[in-house]
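Biologist: I have the model open and would like a close look at a single part of it, the packing inside. Please take me through it in one go, with the cut-offs as you need them.

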Amino acid sequence: MSYPTFPLTFLKGIKPGYNAAKTFKLSHATLTKVSDYDIGMTFCHQTVTLPYIHKALCDTLKKRAGLGWFHIYGSPTDSLQQKVRRLKENFHESPTRFLVMDIDKYTLPPDIAKQWTNNQPDTIARTIRLVLERLGFTPLSNANFTFVLSSSQLNRTILSAHLYFFLDKPVSLRDLRRWAILINKGLGQNIVDPAVYKSVQPVYISAPTCLNFSDPFPIRIGYSAPHADSFVSDSFVSVDDLKRNLMTLLCRRMQFRNLYSIGIRGARCKGLGTISR
């Protein structure tokens, strides 16, 4: 059986001391960040062609992460030299079916945090599905996906991850940026980072460097694909639909406040159904 494919461009810096991950050390039971990303200005680039299959994507990300690569949304222009600057004129935007969600330091609701009992990939995937469902991203919580836990994911009280989904139709990066902004506005907090939807924005996939302690998540990249074929409808990221439903999103924002301030167990909102605490 043949599958449609998509290009994914990886970059790796060439400067001395290049680092595509954060570095942490443990001191008196406190984790401290020693250094941040340090990728330089000049990069080698490679573009691979992948099928819309999460196992193939996961295997590629694992291999590249171990070698210090990161990826971007843009594709190299024709006849681009091997060593280049990370500039828009070198890597162009094009419509994509590849949806990457960058969730950064989302504080887990206590009931979800309680269910994250170990660092196994199946448990991580189940926790991610619970978070997506709680945020109202039902089409994503029911879809196949690949996950990459970020360097800053060092405990089970927050979620910092890149989540990868396949859309059924291409959308522009501009619309994805607008979609993320509207999502955050509706939820009243920055859940999805819009900056990732730029042609040259780095999407880091390497594990953190842990100087004097073991990485609490030795397996940071995995996938969950219970369905034989699961694409997310492009209507999920429709800016026009979000604008029409912005009041619904604002209503969900009020629900979250009610749930955690006065303990309502079954608050309802038109079009969203019941959310249990």
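**Inside the core**

Modeller: Happy to! Let's start at Leu-99: setting aside neighbours within four places in sequence, Leu-99 is in contact with Tyr-73, Leu-140, Leu-163, Tyr-164, Phe-165, Leu-167, Leu-176, Trp-179, Tyr-197 and Val-237, where contact means heavy atoms within 4.5 Å. Please keep in mind that this is a predicted model, in which local features need pLDDT of at least 70 and side-chain atom pairs count only at pLDDT 80 or more, while totals for chains, interfaces and linings use all residues. Residues are numbered from 1 along each chain as its sequence is written, and side-chain values use heavy atoms, with hydrogens and water left out.

Leu-99 is among the residues with the most contacts inside the largest nonpolar core, together with Met-101, Phe-137, Phe-165, Trp-179 and Tyr-197. That core has 61 residues; a nonpolar core is a set of buried Ala, Val, Leu, Ile, Met, Phe, Trp, Tyr and Cys residues joined through side-chain atoms within 4.5 Å. Buried here means under 20% relative accessible area, exposed means over 50%, and partly exposed lies in between (1.4 Å probe, protein chains only).

Which elements give two or more residues to this core? They are β1 (5-13), β4 (42-51), α1 (54-66), β9, α3 (121-134), β10 (145-149), β11 (158-171) and α5. Helices (H or I, at least four residues) and strands (E, at least two) are DSSP runs, numbered from the N terminus. Strand β11 gives the most, with eight residues. There is also a second, separate core of twelve residues, including Leu-11, Ala-20, Ile-72 and Val-200.

Arg-177 and Glu-93 meet in a salt bridge (3.3 Å, N to O), the term for a side-chain nitrogen of Lys or Arg within 4 Å of a carboxyl oxygen of Asp or Glu. Arg-177 sits in α5 (residues 173-187) and Glu-93 in the loop between β8 (91-92) and β9 (96-107), so this pair ties together parts that are 84 residues apart in sequence. Arg-177 is partly exposed at 21% relative accessibility, and Glu-93 is partly exposed at 38%.

Arg-178 forms a salt bridge with Asp-175 (3.1 Å, N to O). Both lie in α5, three residues apart, about one turn of the helix. Arg-178, at 27%, is partly exposed, and Asp-175, at 28%, is partly exposed too.
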